[in-house]
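Subject: Structure handover

Hello,

The structure we spoke about is below. My notes on it follow.

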Amino acid sequence: MKYRTKLIRAIPALLALLALAACGNVGSSGGSGPSAEDEGGGGGPTITVGSKNFTEQYILGELYAQALEANGFNVEKKLDLGSEQIADKALQNGQIDMYPEYTGTSLVDVLGYEGEYPSTPETTYQKAKELYAQRDPADTMLTPAQFNNTYGIFVRKDVAEKYDLKTLADLAEVSPKLAFVIFSEFKNREDSYPNMQRNYPAFDFGDIVIVNSIGGPIYQGVLQGEGDAGVGFTTDGQLASDELVVMEDPKNIWPFYYPAPVVRSDVLEKNPKMKGALNEVSASLNAEIMRELNAQVAIEQEDPEDVAAEFLQEKGIVE
Amino acid sequence: MVDPGAFGLALLQDLSSIEEPRLIEWDWIRENFWEDIVPAIQGHIFLSFVSVAIALAISLPTGVLVSRYRKAYPPVTFVTGILYSIPSLALFGILISIPGITIGPTPVIIALVAYSLLVLIRNTVAGLDAVPAETIDAARGMGLTNRQILFKVEFPLALPVIVAGIRIATVTIIGIATIGAYIAAGGLGKMIFDGINRSFPTMIITGAVLATALAIFADLSLLALERHLRPWARRRRA
Amino acid sequence: MGAILDVLKRPDFFELLRQHVLLSAVALVIGIAIALPVALAIRNTTLGAALAVNIGNIGRAVPSLAILALCQPFLGFGFDTALVALTALAIPPILINASTGLREVSRDVIDAARGMGLSGGQILTRIQLPIAAPVIFAGIRTSAVQVVASATLATFIGGGGLGNLIVEGTQRNDTAILLAGSLSVAVLAILTEVGFGALEKGMTPKGLKIAQKRGR
């Protein structure tokens with residue numbers, strides 16, 4: 001009996017020890033906390049940088065985060081937000097202070113804009129910036145990086161050859177016979193599949209396969225034969241593969257998607273230094289570079305953190 | 001319906017047509033061990049531990065109460081049983097639709113606690129029930145108060161069954177905590193999801209294997225504790 | 001509330017429901033087809049039974065997401081991969097229960113039966129199986145509920161099912177879609193639990209039911 005009582009008393013003590021061991025991770029999500037060997041961070045105010053969870057977003061998030069660190073900020077990273085809706089919600093309720101968003105996406109999906117898509121990248125940005133500033137709490141969309149990361153609808157090479165597919169119109173014609181691999185949001189978002197259907201009414205895929213991750217898995221899915229067509233991004237390395245053929249879009253149905261940091265305005269006001277650091281990063285990017293960085297992560301399996309660090313050093317943004 | 005022949009053929013075709021990525025890149029594991037892997041393990045242990053602790057804090061007193069006032073037992077079992085039947089992703093979904101609950105560890109911990117209540121309460125009651133009435137009478141005869149009887153006689157005797165419940169709850173919690181990563185709660189599930197998003201099998205395999213190892217480790221440790229506390233009983237049917 | 005019903009009326013809802021049920025049903029059936037014969041085959045060997053129970057216990061500790069995710073690098077995305085993973089998940093509870101259930105038929109009863117001249121095969125079908133039936137069905141019930149719940153996760157490896165709705169609702173921050181998905185999976189799981197529970201009761205031989213009532 002005495003032994004039993006001792007055991008009962010020992011258990012809370014053991015559990016407390018276990019708690020101490022696990023306590024190193026209170027609050028931050030495992031795997032994306034600030035790494036031990038970061039220099040330059042600490043000391044300054046803390047900024048939480050978020051991002052959505054696909055390759056390009058991881059890289060953009062890392063680029064902005066590391067640039068801020070090099071400028072004296074203490075950065076927490078939350079690079080696992082599942083969609084722009086989730087990211088936006090986190091931004092507005094203070095869980096994160098900023099994240100990289102695409103001008104077109106913000107217009108159509110976040111800010112509730114219902115007009116015609118602006119006809120130039122610049123007007124797209126200006127409209128988004130304006131609408132962001134009118135929100136409560138207000139947000140500031142900084143100057144975008146100068147490249148367009150838009151949708152690339154692609155098919156497997158053998159499918160393209162079989163039906164002689166070159167443009168979206170061609171694809172629409174045969175779509176009832178094909179399976180389309182997409183991520184969940186693409187199906188119903190205004191600027192996505194419905195957009196395709198509005199402009200090319202023949203679109204009516206026989207089967208829609210939903211893979212709930214953006215990028216790699218969709219390419220894999222089409223290559224494996226789970227589907228015949230898929231949706232990718234024009235800055236993805238995989239789109240360059242010989243096995244895939246990207247459909248041309250003579251009608252230019254997509255809005256412009258230029259990535260820019262979206263920061264909560266109150267945070268930006270308190271920390272004006274952020275602007276310079278973030279703009280420097282955006283200015284250093286273009287389509288070629290983004291494609292290369294994306295490929296390093298998605299195809300060569302390198303870590304977004306390392307890829308970002310290397311790039312920033314090359315450009316002299318970080319020593 | 002599914003045609004076994006075609007299915008088998010398709011399966012073989014799938015296996016032979018997978019693209020290149022090497023299954024396990026040991027370099028990545030070595031390089032990222034302290035940066036990514038250890039925090040993921042820590043985060044996972046944290047989620048699980050906090051959930052088990054809170055669940056115990058709720059279920060032990062509830063179990064005692066319910067074993068005394070039996071009328072409350074069926075409704076309690078009913079409610080906790082329903083909670084237990086709701087698939088995890090669905091419960092997470094329901095919780096984050098409640099205004100005020102944001103994504104992150106909070107809804108996950110709430111759900112994990114909810115899942116383990118049934119097992120813990122049921123085992124607490126069963127354990128207390130198994131204490132022979134004569135033992136309690138004898139203790140009362142020796143002048144012990146009800147409170148003393150509970151802590152010095154009933155709990156120690158009920159411990160094996162309670163620990164059996166803790167074992168099942170802990171293993172379940174560790175398993176479901178992996179899914180919590182989907183709503184940004186961190187842990188080993190994050191490695192699994194990131195691996196899927198990045199088409200990076202190494203992360204998937206590392207996350208999955210570590211989560212499994214953690215669950216099995218907890219299972220075996222608690223099983224050893226349980227057997228230690230109850231050497232006389234033969235192994236219980238599952 | 002009305003918005004949730006609207007989601008349920010969507011044409012793809014029924015398709016997702018169908019996928020979910022199909023995935024779960026096939027996985028369960030194949031799981032039974034594998035676990036039961038194995039349990040039968042090893043019923044008389046102590047080593048076999050111990051092995052089955054241990055493998056089963058370890059199998060039950062494995063997180064469902066882990067198995068689904070592990071199949072992905074080897075088998076790719078899609079329904080088939082999800083099916084393989086879910087079948088693997090379905091096996092342990094059935095294996096454990098069938099194995100222990102068959103073995104726990106009391107030796108006295110078996111000896112008595114042998115004394116009456118029944119052959120091994122007859123003992124199996126007329127004595128062991130009927131007595132073990134409730135336990136075996138409890139295992140099948142546990143497995144069924146677990147499979148239906150885990151099929152929700154198939155969405156992450158492109159396997160379809162109601163999980164797709166939950167993910168869609170989460171991504172789009174659309175409470176109606178989210179709740180439609182979550183509630184329908186919850187209802188499906190509860191129905192499975194209740195349905196198999198009723199089946200289990202139905203399968204319990206009358207004699208055992210009486211014995212159970214008397215608080216054996």
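Chain A and chain C meet through 16 residues of chain A and 14 residues of chain C. This is a predicted model, so please read everything here as computed from a prediction. On the side of chain A that touches chain C, two or more residues come from each of α3 (84-92), β7 (207-210) and α9 (216-224) of chain A. The element that gives the most there is α9(A), with four residues. By class, that side of chain A has five nonpolar, eight polar and three charged residues.

Chain B also meets chain C: 37 residues of chain B are in contact with 38 residues of chain C. On the side of chain B that touches chain C, at least two residues come from each of α1 (4-16), α3 (73-85), α4 (88-97), α7 (146-180), α8 (188-197) and α9 (201-229) of chain B. With nine residues, α9(B) has the largest share of that side. The residues on that side of chain B divide into 26 nonpolar, eight polar and three charged.

Now to chain B by itself. Its secondary structure consists of nine helices and zero strands. Of its 238 residues, 50% count as buried. Among the contacts in chain B with a separation of 6 or more, 73% are between residues 24 or more positions apart.

The average pLDDT of chain B is 83, and 87% of the residues score at least 70.

Chain A is assigned two domains: domain 1 (46-148 + 257-314) and domain 2 (151-246). Their C-alpha centres lie 26 Å apart. Between them, 15 residues of domain 1 of chain A are in contact with 12 residues of domain 2 of chain A. On the domain 1 side of this contact, α2 (55-70), α4 (103-110) and α12 (287-298) of chain A each supply at least two residues. The largest share of the domain 1 side is that of α12(A), with six residues. By class, the domain 1 side has eight nonpolar, four polar and three charged residues.

Which residues have the most contacts inside the largest nonpolar core? They are A67(A), L68(A), I192(B), L68(C) and L86(C), in a core of 225 residues. The element that gives the most to this core is α7(B), with 16 residues. Domain 1 (46-148 + 257-314) and domain 2 (151-246) of chain A both give residues to the core, so it lies between them. As for I192(B), leaving out residues up to four places away in sequence, I192(B) touches T178(B), A181(B), I204(B), G207(B) and A208(B), together with L65(C) and A69(C).

Two elements of chain A deserve a note of their own.

One is strand β10 (residues 259-264) of chain A. Six of its six residues are buried, so β10(A) is largely enclosed by the rest of the structure. Both faces are covered, with P259(A), P261(A) and V263(A) buried on one side and A260(A), V262(A) and R264(A) buried on the other. Strand β3 (residues 98-102) of chain A pairs with β10(A) in the antiparallel sense over five bridges, and P261(A) in β10(A) is the bridge partner of P100(A). Strand β4 (residues 139-141) of chain A also pairs with β10(A) in the antiparallel sense, over three bridges. There, D139(A) has R264(A) as its bridge partner in β10(A).

The other is α3(A), one of the elements on the side of chain A that touches chain C. Its buried residues are E84(A), I86(A), A87(A), D88(A), A90(A) and L91(A). What covers them includes β1 (46-52), β2 (74-81), β3, α4, β4 and β10 of chain A. Just after α3(A), G94(A) takes a positive phi of about 85°.

Regards

Methods: Residues numbered from 1 in each chain as written. Chains lettered and ligands numbered in written order. Predicted model: local features only at pLDDT ≥ 70, side-chain atom pairs only at ≥ 80, totals over all residues. Contact = placed C-beta atoms within 7 Å. Nonpolar A, V, L, I, M, F, W, Y, C, P; charged D, E, K, R; others polar. Domains from an automatic or database assignment. Buried ≥ 20, exposed ≤ 12 C-beta atoms within 10 Å, placed from the backbone. Pairing = 2+ DSSP bridges. Core = buried A, V, L, I, M, F, W, Y, C linked by C-beta atoms within 7 Å. pLDDT = per-residue confidence, 0-100.
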